[in-house]
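Reader: Could we go through this model together before I set anything up? I would like to start with the charged residues and then move on to other topics.

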Amino acid sequence: ENQRVHGNTGVNIMNGSYTLDGEKLSLGKMATTMMAGPMEAMETERTILQTIEKSAKIKASGEDLQILDADGTVIMLLKKKQ
């Protein structure tokens, strides 16, 4: 409703904005808290944030969401928490 993104990247909280025009997804720059965590979790977090920057489209797949890059390749799969 507010076109805002809020989530957890594994260690830190992230917030940002998005616009959605049909399947075209545009994510604004994400702001994150600056907590440190285990090296493996920090690497995962870095990968998530880099992937978000490449997002261009969104596609529903059942209850999940596929995030695609500009070429249409799935770069992230968001699963509904059970």
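Reader: Leaving aside neighbours within four places in sequence, what is glutamate 45 in contact with?

Author: Bearing in mind that this is a predicted model, glutamate 45 is in contact with Thr9, Gly10, Val11 and Asn12 once its neighbours within four places in sequence are left aside. Glutamate 45 itself lies in helix H1, which covers residues 39-53.

Reader: Which side chain makes a polar contact with the side chain of glutamate 45?

Author: That is the side chain of threonine 9, at 2.4 Å.

Reader: Which residue does arginine 46 meet in a salt bridge, then?

Author: Arginine 46 pairs with glutamate 43, with an N to O distance of 2.6 Å. Because glutamate 43 and arginine 46 are three residues apart in helix H1, about one helical turn separates them. Glutamate 43 is partly exposed, with a relative accessible area of 41%, and arginine 46 is also partly exposed, with 38%.

Reader: How many salt bridges does the structure hold?

Author: There are three. One of them joins glutamate 53 to lysine 29, where the closest N and O atoms are 3.6 Å apart. That pair links distant parts of the chain, since glutamate 53 belongs to helix H1 and lysine 29 to the loop between E3 and E4, 24 residues apart. Both glutamate 53 and lysine 29 are exposed.

Reader: What about lysine 79, which residue does it form a salt bridge with?

Author: Lysine 79 forms a salt bridge with aspartate 64, and their closest N and O atoms are 3.1 Å apart. Lysine 79 lies in the segment after E7 while aspartate 64 is in strand E6, so this pair ties together parts that are 15 residues apart in sequence. Lysine 79 is exposed, with a relative accessible area of 60%, whereas aspartate 64 is buried, with 17%.

Reader: What does its side chain reach, and at what distance?

Author: The side chain of aspartate 69 reaches the backbone nitrogen of threonine 73 at 2.9 Å. Beyond its neighbours within four places in sequence, aspartate 69 is in contact with Lys54, Ala56, Lys57 and Ile75.

Reader: Now the nonpolar side: which residues make up the largest nonpolar core?

Author: That core has eight residues, namely Val5, Met14, Leu25, Met30, Ile52, Ile58, Ile67 and Met76.

Reader: Backbone next: what is the phi of glutamine 3?

Author: It is near 55 degrees, a positive value in a residue other than glycine. Most residues other than glycine have a negative phi. Glutamine 3 is found in the segment before strand E1 (4-8), and at 37% relative accessibility it counts as partly exposed.

Notes:
Residues are numbered from 1 along each chain as its sequence is written. This is a predicted model: local features need pLDDT of at least 70, side-chain atom pairs count only at pLDDT 80 or more; totals for chains, interfaces and linings use all residues. Side-chain values use heavy atoms; hydrogens and water are left out. A nonpolar core is a set of buried Ala, Val, Leu, Ile, Met, Phe, Trp, Tyr and Cys residues joined through side-chain atoms within 4.5 Å. Buried means under 20% relative accessible area, exposed over 50%, partly exposed in between (1.4 Å probe, protein chains only). Helices (H or I, at least four residues) and strands (E, at least two) are DSSP runs, numbered from the N terminus. A polar contact is a pair of N or O atoms within 3.5 Å; within protein, one must be able to donate a hydrogen and the other to accept it, and residues adjacent in sequence count only if both atoms are side-chain atoms. Contact means heavy atoms within 4.5 Å. A salt bridge is a side-chain nitrogen of Lys or Arg within 4 Å of a carboxyl oxygen of Asp or Glu.
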